[in-house]
Amino acid sequence: MANISIKDEGTSLYDDINEIIKSKKVSLNKAINSTMITMNWEIGKIISVKINENKRSEYGQNVVQELSDRLTYDYGQGYNRASLFRMMQFYQEFNDLEMVLQFSDQLCWSHIV
């Protein structure tokens, strides 16, 4: 039986664990990204649908600003007025959720924006 030093075994053990961490982080990042894209699409959809139901542009402007103020207060800058309009535009450009799901694991939100 070959003698394996603790240092050699520790390096191998470290390398094995390091590889697991790296691969799981990649999977986790893809899952988070896909969820964020879907969430932003759904937010864009619900805002667009509600605004179109009312059919008054000034109503839409006011609603988006009010939503932005409240969401930014609760969740941070990712929900500012411009971001909400980008979400609406995203939904309007890609109104088929199945198509969005197909490319959501290949692109991140910054690519879409």
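This tour moves through the predicted model one selection at a time.

**Colour by confidence**

Start with the whole chain. The mean pLDDT is 86, and 88% of the residues score at least 70. Now select helix α3, residues 81-93. Confidence is highest there, at a mean of 95. Then jump to helix α5, residues 109-112. That helix has the lowest confidence, with a mean of 76.

Select residues 6-54, which make up helix α1, and find L28 within it. Together with L28 they form a nonpolar patch on the surface. The accessible area of the four residues together is about 340 Å².

**Helix α1 again: S48**

Stay in helix α1 and pick S48. Is S48 buried or exposed? S48 is buried, because its relative accessibility of 2% is under the 20% cut-off. Next, show what surrounds this serine. Beyond its neighbours within four places in sequence, S48 contacts M88, Y91 and Q92.

**Helix α2: S68**

Move to helix α2, residues 57-75, and select S68. This serine also counts as buried, at 5% relative accessibility. Which residues does S68 touch, leaving out those up to four places away in sequence? They are Y79, N80, R81 and L84. Draw a distance from S68 to N80, C-alpha to C-alpha. The two atoms are 5.0 Å apart, though twelve residues separate S68 and N80 along the chain.

**Aromatic pairs**

Now show the aromatic side chains. The structure contains four aromatic pairs. Two values describe such a pair: the distance of the ring centres and the angle of the planes.

Select Y75 and Y79. Y75 is exposed, at 60% relative accessibility. Y79 is buried, at 16%.

Go on to F90 and F94. Here the centres lie 5.8 Å apart and the planes stand at 55°. F94 is partly exposed, at 29%.

**Last stop**

Methods:
Residues numbered from 1 in each chain as written. Predicted model: local features only at pLDDT ≥ 70, side-chain atom pairs only at ≥ 80, totals over all residues. Heavy atoms only, no water. pLDDT = per-residue confidence, 0-100. Helix = DSSP H or I, 4+ residues; strand = E, 2+ residues; numbered from the N terminus. Patch = residues over 30% accessible without salt bridge, like charges linked within 9 Å, V, L, I, M, F, W, Y side chains within 5 Å. Areas by Shrake-Rupley, 256 points an atom, 1.4 Å probe, with all protein chains shown as cover. Salt bridge = Lys/Arg side-chain N within 4 Å of Asp/Glu carboxyl O. Phe/Tyr/Trp six-rings, centres within 6.5 Å; stacked < 30°, edge-to-face > 60°. Buried < 20%, exposed > 50% of the residue type's maximum accessible area, 1.4 Å probe, protein only. Contact = heavy atoms within 4.5 Å.
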